[in-house]
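Student: I would like a close look at one part of this model. Please take me through the core and what surrounds it.

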Amino acid sequence: MLLTLNEKDYYIPQKWTEVSLGSYQKIMQTMDAEGDEATQTINMISALTNAPFELLEKCKKNDIDAISECISKLLEVKINTTLNTQITIDDVDYGFHPNLKDMTMAEFVDLDNYLQDVWKNIHRVMAILYRPITKSKGKKYAIEDYDSSKCLERAEMFKNTLSIATVNGASGFFLTIAKEYQSVLLSSLSRKQKTRLKTLKTQSSSLEKNGVGTA
């Protein structure tokens with residue numbers, strides 16, 4: 001379904017594979033935003049279609065109601081929960097982290113920080129979990145070594161290219177084991193190591209607040 005505003009077409013997604021991660025993040029923000037029902041409806045349409053809020057406000061109520069009905073049908077569909085271990089975006093093959101128990105301390109610290117506000121940082125989480133495949137044999141593969149700068153760049157790209165269907169499958173799998181893994185890792189650390197970990201987390205948070213290393 002297309003929405004035409006000022007001679008420009010905006011596509012209204014019919015399934016979750018057509019909804020980008022960035023659009024879904026906007027939807028989550030819309031749900032928490034203040035405003036009457038009409039404003040929230042327009043915000044959601046804007047998030048899903050990328051149509052400017054100002055133009056949607058000028059649409060006929062009947063048109064908005066028709067679009068809302070279309071979106072309601074989408075919202076009734078369950079989002080994918082199956083993990084896609086390998087995906088291809090712009091001819092680049094990405095693999096989901098094949099061995100989370102061998103995660104480096106740098107990966108762990110960054111993930112732990114991002115998970116403090118999951119939906120604000122989910123694109124960054126996905127950029128850590130999905131990295132370019134460097135070699136593969138059958139179903140087995142290896143991914144690029146962790147590089148926080150590259151991940152931040154990829155995170156911004158993922159906002160527009162990664163579907164929420166892929167994200168939901170990956171996050172469902174990851175978040176299920178994340179707490180257990182975190183508990184096991186922390187329990188195995190010495191007191192000195194735990195202190196160092198807390199210091200690293202504090203430094204990382206400080207850098208983000210000061211605008212260093214953020215996308």
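Leaving aside neighbours within four places in sequence, which residues is L56 in contact with?

Tutor: This is a predicted model, so local features need pLDDT of at least 70, side-chain atom pairs count only at pLDDT 80 or more, and totals for chains, interfaces and linings use all residues. Residues are numbered from 1 along each chain as its sequence is written, and side-chain values use heavy atoms, with hydrogens and water left out.

Beyond those neighbours, L56 is in contact (heavy atoms within 4.5 Å) with L3, L5, I42, I45, S46, A51 and I64. In the largest nonpolar core, which has 54 residues, L56 and M126 touch the most other members. Such a core is a set of buried Ala, Val, Leu, Ile, Met, Phe, Trp, Tyr and Cys residues joined through side-chain atoms within 4.5 Å. Buried means under 20% relative accessible area, exposed over 50%, partly exposed in between (1.4 Å probe, protein chains only).

Helix α6 (residues 118–129) gives the most to this core: six residues. Helices are DSSP runs of H or I, at least four residues, numbered from the N terminus. Nine of the 12 residues of α6 are buried, among them M126 and A127. The end C-alpha atoms of α6 are only 14 Å apart, short of the 16 Å that a straight helix would reach at 1.5 Å a residue. That expected span is 1.5 Å times one less than the number of residues.

A127 is also in contact with R154, which lies in helix α7 (residues 148–161). R154 is buried yet has no salt bridge. A salt bridge needs a side-chain nitrogen of Lys or Arg within 4 Å of a carboxyl oxygen of Asp or Glu. For R154, the nearest side chain of opposite charge is E144, 4.0 Å away. E144 does meet K150 in a salt bridge (3.8 Å, N to O).

Key:
Helices (H or I, at least four residues) and strands (E, at least two) are DSSP runs, numbered from the N terminus. Lys and Arg count as positive and Asp and Glu as negative; His and the chain ends are not counted.
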